[in-house]
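This briefing is for a reader who is new to the structure shown below. Please keep the sequence and the model at hand while reading.

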Amino acid sequence: MSDRTSSTSTRGGMRRTGRVRADLISRDSSSRVEEDGMSEGDPSRTKPKKNQRGDSGVPFISDWNSTKPFADIEGNASVDDPARMLEGWQDRRVSDAGITFEAEVEEWNTVPAALLHLLAKHRRAVARIVVPAGSLVDHRGVRQETGWNGTGFLVGPNLLLTNHHVLNSPEVAAASSIEFDFEWPADNLFMDLATPQPPTVRFKLDPTRLFVTSPAAGGLDFTFVWISEDASSQFGAVPMERGSFMIRPGEPTFIIHHPEGRLKEVSLDDTELLGINAACILYAADTRGGSSGACVFNNRGKLIALHHASREGDQLKAAYPDALLELSDGRAVTIANEGIKIAAIAVDLEARMSRGGTDAESAAEVLRQVEGSDTLTGVFGGLGRSVDERLGDGHLDHERVLAIYQASGQDIDVGFWNLHWLRGADLEPGGKLHDTATSITDLNLDVWCLIEVPPGIVEGIVGMLKREFGEEFQWQYVEEDADRLQLATALIWRRSAVSITGMPWPAMMEQVWTRSIRQAGSDAPGRPVFEAAPAMYRLRSAKSGAEINLVPVNFRKLGSDELRRRLASKFLVHAIDGAIASGDTHDWLLGGDFRPPLARDDSRILADRKYQAMAAKDEVRGGAFSYLRSLEHSPVGRIFVTGDLSPIDDAEHFIEVVNDRTVDKYIKQLADNRPVVLRLSLVSRKDALAEDAIEALFETALGTARPGQGNAPRLELSEIGQWSDGLRSDALTKEQFLRVNTETLSRLCAAVNQRLRNEYGTGVQSLTAADLWVIVFAEAGLKDGLIDPDARHSLGERGLLPLPANIRYWAGSGAPQWDQPMPLATNLYHYALYLGQLKNKGVKQVEGRMLYRDLFREPHISGVAERGAKLLAGIVHGYFVKANYGGGPVPFDHLLQAYSADAPVDRMLAGTNYVHAGTSILTNRERNLQSAVAAYTAFAS
């Protein structure tokens, strides 16, 4: 390939070639101004000057004002102390490696010698990406007459990974070439010979076969694309792992890349990790334009992140004024790079599979190449966790991943493990007890039923979980005399996730459990089926309030006595039947160490109680559970199990086997058995409401609706038809439209507010006439000064008012396609419902406030219709969206004080980092707001 003659020096981004140009692009609610700086010179011959690098314009994903580990999910993580967990895993790694320090000169900065071998091996899988000239559209939607370069690397037999802003579309990928071995040959390096153009091996990409991407703005800035298998057979692949705790601040990172499209280089010095959170890492290293898409390794040669963007100098300080960024030797950080963690990318891919979109199958194909565990989400990752439909929009991939990490309240993870082999174990590091605590940490379950555990061991496990990993577990022995037993049964549970309460069995079972049974015709003395009554517990999710009954069962004690096993099954079913008959309508989970505790024939009698019985067992290494699901009251929507288990009697396929997750990956042959683990994915209140609504609509349609049907919402088949009669839109200005349709729009507000009351109950913040007046003035599409019911808005929205792309998150699955033509009544109803949901729906917690609901409850705003309406318009315009502040913090207090004082929006946002601050856009918006309030005040008076 011929040498290029001009290049862009854009640190951390793409190297562009050819004519100089600067493009400004901005979009409300997910955008920022982006600008490319340009420089001249041949990238293969020009030596960069230290610390003189431009900014690529690619936005950082995370807020790095706080470099406290995992600050992005602080207070809502699925582990109790992420910072201590990070220390625990790294301390364990050091102890496992047997590293000792004999002499240190200031900071100890050596690495294991084997790292050189791993980096040398992995470098072969790293390639230069060349996007040719040819009017291709870049990641910002700008048509470029010139090409650009980036870096990518192989992660599987047919998979190349890079940034979205390098390969942003199938068209760009199909036009690009991938060059391997674009590096100094070792002989030339030794002889100090220049190699301007070494022999390279080129491949083309096939995005028609596989292309999975996440945008740079609001997303995770990654692209997976198909490449010929010949590439990996020649150059190998870099393994992907899920780990969230693979590196800690202060440790070095290593980057293999093609800066400025030059020959392959490795960043080795001053590469310390500066910060780590759930989705990203921040590190100091030398990168330049063309480094985008590079692999980032820890000092064990493990891939931890995908490099994508950087900031430097004053720009870094301006973006994160509260951050204290410095190297371990005290030097100030003038350059910081951001990489997207492989663990976060894996969570995003899982979410794509769950959504079942067009890229679900491709996401599953990529996930098959991801190994390891992500302690933050446990063995089942993000499976079964649903997030707001709004977060299904690709431009919110980052928020969706964080929401999944924080959604542990949507499930209860339970394990059953026989620990008889821990008898005699000690508490020393490296021993079996330490390994057991590490495995429990990595699996990250909420509840463990420990079968046949030696007394005293449980306290040791719980103490080690706290001491080593910061995990707060409570514990309880099932047997009252456990301290006198050789092997007992115990429960341990994370108290931040669940509570466990002992419950009594029906009185009829008091004497039955331990009654002696003698087989007919046998001279052997009678023996009880159970030596002690099985314990029954009420397991309650601390976050959702969902409850199930939990019964740990030790069938190992029954040995090979099949008679007693069958009797034990019948006793359990009889006891459960009695509890249900007495009014206990909870689901039941029974688990043990071998065989399902409930026999198929025995559990069938519970069908008359409207219970569905199912089970799963480990055919190879023991362990099983039975689950009894109430068809009327179950809080569980699905059960996930690892690939070690086989479902039994699961006619409805309620149990989903996750074949790529096996417990052996976590236990690593620690014992001759392995635990049974499962995830109970809970039914959300939203899902339950939807089922009630569907039932109500169905019965209404049949004419069989009954009065007093519990809490089912009172919905009609056509909510729009109730208010839209007489709606006019012909040749009207905005104010005329509002005045002519006063009565119709009043009915619209009433319909929306009734639906909000059905969903949220009392205390609803109503949609007001002032809201509609202000929003119509601010947002209505016009044609020749008159309202246009079929307007085309700036982002492709259709209709009088621009429905957001995530309208189905706000208005439900019945909402129309936002970018397609629709009737005026449909547009108005769903936009009004969107506004009502903005005032009432809890989206997420930020700085102690629930967005966006709590903003309307601020003093001096609540109860003042015009201020509330202007605030609503500000939310619609994106004044409270972090991405519109260059990734910096949203000035919540400043904005709310300004709204309380009726400050003009252009003055309110002046001096902030808001994307349109100081532009005529805000001046025009303020003019519209003033006209709307004046017209509404005149009308209302």
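The model is predicted. It holds 54 salt bridges and 19 aromatic pairs.

**Salt bridges of E179**

- E179 forms a salt bridge with R128, and the closest N and O atoms of the two are 2.8 Å apart.
- This pair links distant parts of the chain: E179 belongs to strand β11 (residues 177-180) and R128 to strand β6 (residues 126-131), 51 residues apart.
- E179 is buried, with a relative accessible area of 1%, and R128 also counts as buried, at 8% relative accessibility.
- E179 meets R202 in a salt bridge as well, at 3.1 Å from N to O.
- Because E179 lies in strand β11 and R202 in strand β12 (residues 201-204), this second pair ties together parts that are 23 residues apart in sequence.
- R202 is partly exposed, with a relative accessible area of 42%, whereas E179 is buried.

**Other salt bridges**

- R566 and D602 form a salt bridge in which the closest N and O atoms are 3.3 Å apart.
- R566 lies in helix α12 (residues 562-581) and D602 in helix α13 (residues 600-603), so the bridge ties together parts that are 36 residues apart in sequence.
- R566 counts as partly exposed at 34% relative accessibility, while D602 is buried, with a relative accessible area of 5%.
- A network of salt bridges links D348, R352, D359, D397 and R400.

**Aromatic rings**

- A pair of aromatic rings is described by the distance of the centres and the angle of the planes.
- F880 and Y899 form a stacked aromatic pair, with 6.4 Å from centre to centre and 20° between the planes.
- The pair counts as stacked because its planes are 20° apart, and the cut-off for stacked planes is under 30 degrees.
- F880 is buried, with a relative accessible area of 3%, and Y899 is buried, with a relative accessible area of 3%.
- Elsewhere, ring pairs link W505, W513, F530 and W588 into a cluster.

**Charges over rings**

- R209 lies over the face of W226, at 3.9 Å from the ring centre.
- K841 has its charged end over the ring of Y809, 4.8 Å from the centre of that ring.

- Strand β16 (residues 254-257) is covered on both faces.
- F254 and I256 are buried on one side of β16, and I255 and H257 are buried on the other.
- Strand β20 (residues 295-297) runs antiparallel to β16 and is joined to it by 3 bridges.
- F254 has F297 as its bridge partner in β20.
- Strand β17 (residues 265-267) also pairs with β16 in the antiparallel sense, over 3 bridges.
- I256 has V266 as its bridge partner in β17.

Methods:
Residues numbered from 1 in each chain as written. Predicted model: local features only at pLDDT ≥ 70, side-chain atom pairs only at ≥ 80, totals over all residues. Heavy atoms only, no water. Phe/Tyr/Trp six-rings, centres within 6.5 Å; stacked < 30°, edge-to-face > 60°. Buried < 20%, exposed > 50% of the residue type's maximum accessible area, 1.4 Å probe, protein only. Lys NZ or Arg CZ within 6 Å of the ring centre and 35° of its normal. Helix = DSSP H or I, 4+ residues; strand = E, 2+ residues; numbered from the N terminus. Pairing = 2+ DSSP bridges. Salt bridge = Lys/Arg side-chain N within 4 Å of Asp/Glu carboxyl O.
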